[in-house]
2 protein chains.
Amino acid sequence: MTERVRDVNEDELLRRIFPLLPVGGSTQVGPGDDAAIIAASDGRFLVSSDVLVEDRHFRTRWSSGADVGHRAAAQNFADIAAMGGRPTALVISLVLPGDTTVDWVEGLARGLAEASKPLRAGVVGGDLAGGDIIVVNVTVHGTLDWREPVLRTGARPGDVVAHAGARGRSAAGLALLESGLVRPTIKHPLVGAYLRPDPPLEAGRSAARAGATAMLDVSDGLLRDAGRIAVASDVRLDLDEEAFDEDRRALSDAALVVAQAALREGDAGDLVGDLGQAEAANRLVNQWIWSGGEDHGLLATFPQEARLPEGWLRIGQVLPPSGSAPRVLIGGRRPAVAAGWDHFEQ
Amino acid sequence: MTERVRDVNEDELLRRIFPLLPVGGSTQVGPGDDAAIIAASDGRFLVSSDVLVEDRHFRTRWSSGADVGHRAAAQNFADIAAMGGRPTALVISLVLPGDTTVDWVEGLARGLAEASKPLRAGVVGGDLAGGDIIVVNVTVHGTLDWREPVLRTGARPGDVVAHAGARGRSAAGLALLESGLVRPTIKHPLVGAYLRPDPPLEAGRSAARAGATAMLDVSDGLLRDAGRIAVASDVRLDLDEEAFDEDRRALSDAALVVAQAALREGDAGDLVGDLGQAEAANRLVNQWIWSGGEDHGLLATFPQEARLPEGWLRIGQVLPPSGSAPRVLIGGRRPAVAAGWDHFEQ
């Protein structure tokens, strides 16, 4: 018989999960007391939080517990990397319906551990509650190791805009899952990019060392997040369409099959309309690259003379602000694609 | 027209909430970047997390947004106090159904601010997501200010057991609300204790200074949480029934009206049965004191020779472990009341 959360009490569930969780290199007092104690040798710490809600951010029919644990850890680590920091400790709160399987929860713990172990980040505490939907809240802590943080506010006209990590792959993977054409498996490169994003954490630290002037984690789409740097730094970002040609090629097959499926099933909606398949696929690719969220790549600006560290692709330049002109341009022009993602508009 | 969360986008909602949130004395970089930066001058920090779920931990028909904000902050602060620490920074994640009123969310921010300001603790970041129920997750951080933490593991046979804060008041307030006899108002002393618990935060620090050997936040009932110290320290705790006589008197009127209402409406269940009103009320009072959760008082053990600081009531003594004997006794005997609260049993 499948064992469910309602069949075990809270203490028993914790006893099952605790041994699976990673112990961190910075943990002085771990789970089990009123609070954990974490080292912060340089006298300050980074903290950020992300919440994942069932049927909004993941579906249990696509994502295993391990996938959700992986993703929750990875996207939080990306926030620390985007400051130029290194993750040290996670705190996890779970809301679990009674019919959640214990297996799913143990998988979640394993996924968190797999993503955290290479970084020596520990899970140091959290909370459990019952509820009608699964909610996974992760709060991540990190250290700057005595370096200065890279904020969103430091981009200057003349700086180079660069990106590290995946572009559009997670959105393509999600579209493939939604089309029903591909089974949910981490073995498929695009579906895997959606189920288990792999942020370029080391690139965040190398960017900080290389003198990046501004940086953020791209979680709501490249255009929207580029706009955030532009507003915070009071500049404009002009992105080069050609910089993404290789990404377009890598996504073109997936876009074609998704466009074909949409045309075949007559549910192409606004996207396809009277367009031919090739043009529809082309639009999909651009939408994934410019507006796809959840790749958790890093977007940064560097001084013009800086050598971009490994893993960073030059994708544009920083312009001075200009009255009511758009904050983000593509090839010097206002973007024709939708900018991104709003958590209440779904 | 009542403005609801679905009527405003995420950025707009954040713009409305941010100005209401408290800025902390330890905040180096606050909300708005990928991560916040918090001072940890003594090279380490405390962290703990609590999640509140609508219809499990609060009901919107009883608790205003401000009440929930207050409670979320207070119970997290209690976890820091229970280590002997001082709260510095909160991170808040909210899951909000689209029909949540903006007013409720603004109230939540105000409640967090009211509870945090006297401590100079700041709200430094968080996350927002849509969902079918309200979930409020608070992660709290604190500092030990160069002192050693008070863990659960240090109680020794011969130590004095003491308690600071409310005992049974929150449970009594909840029972009054459930009985329908009292309207949800923070002006009623017991209902107010339920809606806005007021943990004895300063008592946590004074206990640490006075040499407390073990301490925890009583959130799941006195007996259950006493058992946690007993297990963690491998001792037994023997509590004095008479220590609570004053609490019994303070709760007796409320217990009598709740018992009367239960008898009148015929829904007294197991509690009242053939008992007279007075005996039923007496049992209620004991249940509230021994098993009522959410007062967020502090339970600690002190060396026999220590002088208990202000606000601490001596309630028992620590005994050596004894095979399979119960971990917690009342007047030397196995307790007759149920021990506490399990988050999945509701």
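Student: Hi! Which residues are buried in helix α1 of chain A?
Tutor: Hello! In this predicted model, helix α1 (residues 10-17) of chain A has A:E10, A:L13 and A:I17 buried.

Student: And how are they placed around the axis?
Tutor: They span an arc of only 60° around the axis, so they sit on the same side of α1(A).

Student: What covers them?
Tutor: The cover over the buried residues of α1(A) includes β4 (86-96), α3 (102-116) and β5 (122-130) of chain A.

Student: OK, then at what angle do α4 and α8 of chain A pack?
Tutor: Helix α4 (residues 169-179) of chain A packs at an angle of about 30° with helix α8 (residues 245-265) of chain A, and their axes are 10 Å apart. That angle makes α4(A) roughly parallel to α8(A).

Student: Left-handed or right-handed crossing?
Tutor: The crossing of α4(A) past α8(A) is left-handed.

Student: Which residues meet there?
Tutor: From α4(A) come A:R169, A:A172, A:A175 and A:L176, and they meet A:L251, A:A254, A:V257 and A:V258 in α8(A). Sorted by class, this contact of α4(A) with α8(A) has 7 nonpolar, no polar and 1 charged residues.

Student: Now chain B. How do the axes of α4 and α8 cross there?
Tutor: In chain B, the axes of helix α4 (residues 169-179) and helix α8 (residues 245-265) cross at roughly 30° and come within 10 Å. α4(B) and α8(B) are therefore roughly parallel to each other. The crossing of α4(B) past α8(B) is left-handed.

Student: Who meets whom in that one?
Tutor: B:R169, B:A172, B:A175, B:L176 and B:S179 in α4(B) are in contact with B:L251, B:A254, B:V257, B:V258 and B:E265 in α8(B). The contact of α4(B) with α8(B) divides into 7 nonpolar, 1 polar and 2 charged residues.

Student: How many residues of α4(B) are buried?
Tutor: In α4(B), 8 of the 11 residues are buried, so this helix is largely enclosed by the rest of the structure. The buried residues are B:S170, B:A171, B:A172, B:G173, B:A175, B:L176, B:L177 and B:S179.

Student: What do they pack against?
Tutor: The buried residues of α4(B) pack against α5 (189-195), α8 and α10 of chain B. Just after α4(B) you will find B:G180, with a positive phi of about 75°.

Student: You mentioned α10. At what angle does α10 of chain B pack with α8(B)?
Tutor: α8(B) and helix α10 (residues 277-291) of chain B pack at an angle of about 120°, with axes 7 Å apart. α8(B) and α10(B) are therefore oblique to each other. Here α8(B) passes α10(B) in a right-handed crossing.

Student: What kinds of residues make up that contact?
Tutor: By class, the contact of α8(B) with α10(B) has 15 nonpolar, 4 polar and 2 charged residues. Among the α8(B) residues in this contact are B:L251, B:A254 and B:V258, while the α10(B) residues include B:L284, B:W288 and B:I289.

Student: Back to chain A for a moment. Where is A:Q260?
Tutor: A:Q260 belongs to helix α8 of chain A. With 29% relative accessibility, A:Q260 counts as partly exposed. The C-alpha atoms of A:Q260 and A:A278 are 9.2 Å from each other, and these residues are 18 residues apart along the chain.

Student: Which contacts does A:A39 have beyond its neighbours in sequence?
Tutor: Leaving aside neighbours within four places in sequence, A:A39 contacts A:S26, A:Q28, B:G43, B:R44 and B:F45. A:A39 lies in strand β2 (residues 36-39) of chain A, and at 21% relative accessibility it counts as partly exposed.

Student: Last topic: what is the phi of A:W146?
Tutor: A:W146 has a positive phi of about 70°, although it is not a glycine. A:W146 is in the loop between β6 (135-143) and β7 (160-164) of chain A.

Student: Is A:W146 buried or exposed?
Tutor: A:W146 is exposed, with a relative accessible area of 62%.

Student: And what about B:E294, buried or exposed?
Tutor: B:E294 counts as buried, at 16% relative accessibility. B:E294 also has a positive phi, near 75°, in a residue other than glycine, and lies in the loop between α10 and β10 (297-302) of chain B.

How values were computed:
Residues are numbered from 1 along each chain as its sequence is written. Chains are lettered from A and ligands numbered from 1 in the order in which they are written. This is a predicted model: local features need pLDDT of at least 70, side-chain atom pairs count only at pLDDT 80 or more; totals for chains, interfaces and linings use all residues. Side-chain values use heavy atoms; hydrogens and water are left out. Axes are lines fitted to C-alpha atoms, for helices over the stretch in contact, and angles run from 0 to 180 degrees between N-to-C directions. Helices (H or I, at least four residues) and strands (E, at least two) are DSSP runs, numbered from the N terminus. Angles under 35 degrees count as roughly parallel, over 145 as roughly antiparallel, 65 to 115 as roughly perpendicular and the rest as oblique. A crossing is left-handed if the near helix is turned anticlockwise from the far one by less than a right angle, and right-handed if clockwise. Contact means heavy atoms within 4.5 Å. Ala, Val, Leu, Ile, Met, Phe, Trp, Tyr, Cys and Pro count as nonpolar, Asp, Glu, Lys and Arg as charged, and the others, Gly among them, as polar. Buried means under 20% relative accessible area, exposed over 50%, partly exposed in between (1.4 Å probe, protein chains only). The arc is that of the directions from the helix axis to the C-beta atoms.
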